[in-house]
Structure formats: structure tokens, C-alpha cells
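Subject: A structure for you to look at

Hi,

Here is the structure I promised to pass on.

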Amino acid sequence: MNAVKLDLDGSIEAFRKVPKTGVIYVMTEAARHGYRPDDAGWTNFGQGQPETGVIPHAPERIESIGIYEEDHEYAPVAGLWDLRAAVADHYNRLYRRGMPSQYSAENVCISGGGRAGLTRVAAALGTINLGHFLPDYTAYEELLGLFRLFTSIPILLDPQRGYDFSVEELEEEVLGRGLGALLLSNPCNPTGKLIGGEELNDWVALGRRLDCTLILDEFYSHYIWNGSPADATAARFVEDVERDPVVIVNGLTKSWRYPGWRVSWTLGPSEVIERLSSAGSFLDGGASRPLQRAAVPLLEEEHTRAEVKAIQHTFRSKRDMLVERLRAMGIKIERPPDGTFYVWGDVSNLPDGMNNGMDFFKKCLEHQIICVPGEFFDVNPGQRRAGRPSRFRNHVRFSFGPPQPSLEAGLERLEKMISG
């Protein structure tokens, strides 16, 4: 009997090492230090989900769903028609009222979570140059390195400018680097920078004019602190839903506070949606049927407006508290977040041993605090910049997703840690 072939480090040769995303890495390390999700003695500033319980002004939370006979069958790969239509109606009703071009169910594809939706998009891209920004969402790194048809092109954002990037600079990048598409989270995870209102309108118009597809991760579109959530989605500025090269990914995870449901959608021209559905047929097979059906009433206008109001009320105060207290500790906030539930901080002015992101993270674990080092957001597909220090090695992402009492307790421990 032949022995299993191992590579030099003792692992099975057939499998490559798959890196952990930033949040998975920090949670694994936290578990080694004794962290448990139900342990109130810990504060998870690394949390990538919002608090999911009852908050003031929010509609009632769903506590149970019915399972019908047909729910035991597969759902269509593109999603249940009723949910696809509900998503289209949601965008038309809130953002496209009175516009001649309207989204329909054929402009929507349902996936089992945001990363599944983004993976479908990446799998369906052709031989193009795809621009992406630094810093941005950690999971983009493996996503952009996995599919080899397109070439990922990094675009640097300047902390000294508050991560601003003008439409004129965007045009230079698109023309100069021959970008066929651009991937970005908006508002940005981790910096909280929002491209909204007329600025977003200009970006959509540029994509239309230069035939550069904007792939917009809008999962934080209800968490807007400067401006209105109505200004935060590109769907408001699309002229022709079938011709404008705009693809939007969103879902129940953040803006409806149901991350465990793993229900997301992609919105775009029907031709693109058809191709994403084909990709889904071999990638993931589709989302849960009963959860899709239960999601339909969550998209009703009254429910959505109530949830947005509740998020604005509860999370804005947590945002303001975190910014104020982190600054008082000596952590530099280059840009208070326009959106998301994250604060992006520079710890380089703190004492030795905690003045870079990784050392700060390790020190926090000793005080039952979790955060995410900034270097994980320096998206580096294929590790082509291996051996070079990250531009964001002195940064840390702090989440105000957890409930306020947990945040307050964590801030108190953080203050003691920094003051010595």
C-alpha cells in the first residue's frame, strides 16, 4: 500500500495552504486565549456583524419560520422568484421612484451570503484588468487571487487625504491601466469612507461612459453617518438598469441584522445576472429555500424604514462614543467613519509594545479584547508583495457592532491597558 505523499512541512501535497481572513485569524487566536462567544468578560471589537437582538425602534425580530413541503427541495440557483421580485421592488420603491427604467426579478440573483455572491461575480468575470482599492475588505484578497482570468490591479488610497479619491483620479486609473471593472466596498470596510450622493452619481456616470463595470459591495448601506442612506446606493443613479455597468451586492447580513441567515442578493443587468446564476450552479448551488421565503416580508417598505431608523439611533451613538474615547487614548482617527460600524485607528503614537497593529492586537488579547490588525486590509492577491511591510501595519480596525455595554466595558479595559 502506497504511503500518502507529503510535502516538506508534513502536509498533504495535493492541498495548498489557504490563508485565513483577518477576522477568522483573530478569532482563532482569541479562542487560544480562552475566548468564548458567551463570555461577557470579553469585548469583541473585531466583530464583523452587528448586534442581532432587540434594539430601540426596530421591528420585531423573527423568532421562528415555517417549513413547507416544497422547502425540502432545492431552490432555483438564481433564487426564489418571489424574493427576487421583492428585492427589485425594494430598490425601485426606495431609490428609483418615478424613473423610467425599473429593476425586475430578472435583475436579481440570490446567493447564500455575501461572499458567495461576490464569488459568483468573480467567477463570471472575463479576461480584464480589475481595479481594487487599498485598504479594503480582507476577504477580497483570496477572492481576487483564486480566479485567474482577470488581473487584479491595486489602487492606493492616501491616509493623509482621509482616503479620498476623486472621479478625475478614477478616470486616470481606468484609462491608464485599462480597467474593465472596479471592485470596492461602499461605504468602505475598514475606513468608513463613503462615496455617496453626487460623487457616487459621477462614479456611475464615468463607468457608463468608459464601459468600466462598478462592482459595489453595499452591505453597510444602512449604516450611514454623514448623509442619508438614500445617497449610499448606486441603484439611485443608474439610468438604464439593463445597460449601465453597475453590479450591486447586498443582503440581510448587515442592514437587516440577520447575518446567520446567509441570504444575499446581486443586482445588475439581466444578462449579467444570467451569467452569475450559471456560475452559482457549479459554485454553491443556491441559498436556503425556507430562509429565502421568510426573507420576503423583511423587504417591505414599513419594515425596512423601521430597521433603518433603529440602526441610525443605536449605532450612531456607539460610533460617536468609540471615536471620542479612542482619540482620548492617543489613537489617531484619520477619518471618523462616514458609514459602516467600524473605526479605523492608527496606533503608532502609543507606547512601545503596542504601537503597531499586530503587537496591539496581541496585547489586547491579554486584556480580553479582540480587534483586527490593519495589515489584513492591505489586500494582496497571490501574495505578490511578499516580504514588504504593509502600509497599514500601524492601523487597527475597531468594530462597534457589539451591544453598548460590552463596548463600554472593553473601552475601560483598553484605557487601563494603554495607560499601563
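Below is what turned up, going from helix pairs to loops to cavities.

A word on the ground rules: this is a predicted model, so I'll say that local features need pLDDT of at least 70 and side-chain atom pairs count only at pLDDT 80 or more, while totals for chains, interfaces and linings use all residues. Residues are numbered from 1 along each chain as its sequence is written, and side-chain values use heavy atoms, with hydrogens and water left out.

**Helices that pack**

Two packed helices are described by the angle between their axes and the distance between the axes. Helices (H or I, at least four residues) and strands (E, at least two) are DSSP runs, numbered from the N terminus. Axes are lines fitted to C-alpha atoms, for helices over the stretch in contact, and angles run from 0 to 180 degrees between N-to-C directions.

Start with helix α3 (residues 114-124) and helix α8 (residues 270-283): their axes are 8 Å apart and the packing angle is about 110 degrees. The two are therefore roughly perpendicular to each other (65 to 115 degrees; under 35 counts as roughly parallel, over 145 as roughly antiparallel, and the rest as oblique). On the α3 side, the contact (heavy atoms within 4.5 Å) is made by T119, R120, V121, A123 and A124, and on the α8 side by R275, L276, S277, A279, G280, F282 and L283. By class, those residues are 7 nonpolar, 3 polar and 2 charged (Ala, Val, Leu, Ile, Met, Phe, Trp, Tyr, Cys and Pro count as nonpolar, Asp, Glu, Lys and Arg as charged, and the others, Gly among them, as polar).

Now find helix α10 (residues 301-328), whose axis comes within 11 Å of that of helix α2 (residues 81-95), crossing at roughly 70 degrees. α2 and α10 are therefore roughly perpendicular too. H90, R93 and L94 of α2 touch E301, T304 and R305 of α10, a set of 1 nonpolar, 2 polar and 3 charged residues.

How does α10 lie relative to helix α12 (residues 404-419)? The angle is about 0 degrees, with the axes 11 Å apart, which makes α10 roughly parallel to α12. Their contact has 6 nonpolar, 2 polar and 5 charged residues.

**Loops to click on**

L134 and P135 are joined by a cis peptide bond, with omega about 5 degrees. P135 sits in the loop between β3 (129-134) and α4 (140-146). Another cis peptide bond joins N186 and P187, where omega is about -5 degrees; P187 is in the loop between β5 (179-185) and α6 (197-210). Also try H57, in the loop between β1 (43-44) and α2: H57 is not a glycine, yet its phi is positive, at about 75 degrees.

**Cavities**

There are 3 cavities of 30 Å³ or more. A cavity is a set of points on a 1 Å grid over the protein atoms alone where a 1.4 Å probe fits but cannot get out, and lining residues have an atom within 4 Å of a point. Volume is the space filled by probe spheres set on the points, which are joined across faces, edges and corners. The largest cavity holds about 130 Å³. Its lining has 15 residues, with F133, L157, L184, K193 and I195 nearest the centre; the lining splits into 9 nonpolar, 3 polar and 3 charged.

Cheers

Methods. On a 1 Å grid over the protein atoms alone, a cavity is a set of points where a 1.4 Å probe fits but cannot get out, and a pocket is an open set with protein on both sides within 12 Å along at least five of seven lines; lining residues have an atom within 4 Å of a point.
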